[in-house]
Structures are given as structure tokens and as C-alpha cells.
Amino acid sequence: MSLDPDIAARLKRTADGLVPAVAQQYDTGEVLMLAWMDDEALHRTLTTGRATYWSRSREAYWVKGDTSGHVQHVKSVSLDCDGDTILLKVDQVGAACHTGDRTCFDAGSLEVTSA
């Protein structure tokens, strides 16, 4: 099976066929990570309820948590208004980041100065 053609038609992909996917904790709104999906990764996510991504560095699919145990149980999936970003609301078990942090955005805030 493959991705529903109606969904596929709504996607705007990068030149290499990918769409950025933001994972957010479903109950708190905490932004956990950004990864990439192609049509097959999105299809697998929608049909299994487990977040599946395309690893650009390994050039392979990976199901979040298969090796680390830090699973993302998918609660909902949405496309933005332009179809060029996917939002996954997930129940994150353990760390979302490969560094072991809860979120990939724990590396420190950047200072914002207003004009």
C-alpha cells in the first residue's frame, strides 16, 4: 500500500521529495523535534500510529524508539495551510532527542533584541 493519493496531492516536497515534520507533545504543546518524511514515512506513520521518519544521513527509514526505546505514539497528524510542513502530536516516551534530552530544543535560548 502507499500514501492516499488525496493526501499525497496536498504535499509540497523539497527537491529531494521530503517534507519537514515537527513532533509536539500532544498534551503540553512542547515542541520535541524536527525530522523529515517522504510519502512512505507518512504512510507508515498514519497506518501504524508510530512516528516513522526518513533519515537523510543514513538514507533509511527509522521508527522513533525502535533502537532507543523512546517511542512516539502518534495522537494526530496535520498538514499546514501550504502542505509543506507536517505536525505530529505525539505521546513521547522518554527523550525525544538523540542526545538524551527531552526535546531537541534544549541547547539554549538565543538572545532576542528588539529594534
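This is a predicted model: local features need pLDDT of at least 70, side-chain atom pairs count only at pLDDT 80 or more; totals for chains, interfaces and linings use all residues.
Reader: Why is Lys64 said to have no salt bridge?

Author: A salt bridge needs a side-chain nitrogen of Lys or Arg within 4 Å of a carboxyl oxygen of Asp or Glu, whereas the nearest side chain of opposite charge to Lys64, that of Asp66, is 11 Å away. Lys64 is therefore buried without such a partner.

Reader: Which residues lie nearest the centre of the largest pocket, and which strand gives the most to its lining?

Author: Of the 22 residues that line the largest pocket, Met33, Arg58, Trp62, Lys64 and His98 lie nearest its centre. Strand S2 gives the most to the lining, with four residues, while S2, S3 and S4 each supply at least two. The space in this pocket comes to about 480 Å³.

Reader: How do you know that Asp38 makes a polar contact at the start of H2?

Author: A side-chain oxygen of Asp38 reaches to within 3.2 Å of the backbone nitrogen of Glu40, and because the limit is 3.5 Å, the pair qualifies. Just after H2, Gly49 takes a positive phi of about 80 degrees, and the buried residues of the helix are Ala41, Leu42, His43 and Thr45.

Note on methods: Residues are numbered from 1 along each chain as its sequence is written. Side-chain values use heavy atoms; hydrogens and water are left out. Buried means under 20% relative accessible area, exposed over 50%, partly exposed in between (1.4 Å probe, protein chains only). Lys and Arg count as positive and Asp and Glu as negative; His and the chain ends are not counted. On a 1 Å grid over the protein atoms alone, a cavity is a set of points where a 1.4 Å probe fits but cannot get out, and a pocket is an open set with protein on both sides within 12 Å along at least five of seven lines; lining residues have an atom within 4 Å of a point. Grid points are joined across faces, edges and corners, and a volume is the space filled by probe spheres set on the points. A polar contact is a pair of N or O atoms within 3.5 Å; within protein, one must be able to donate a hydrogen and the other to accept it, and residues adjacent in sequence count only if both atoms are side-chain atoms.
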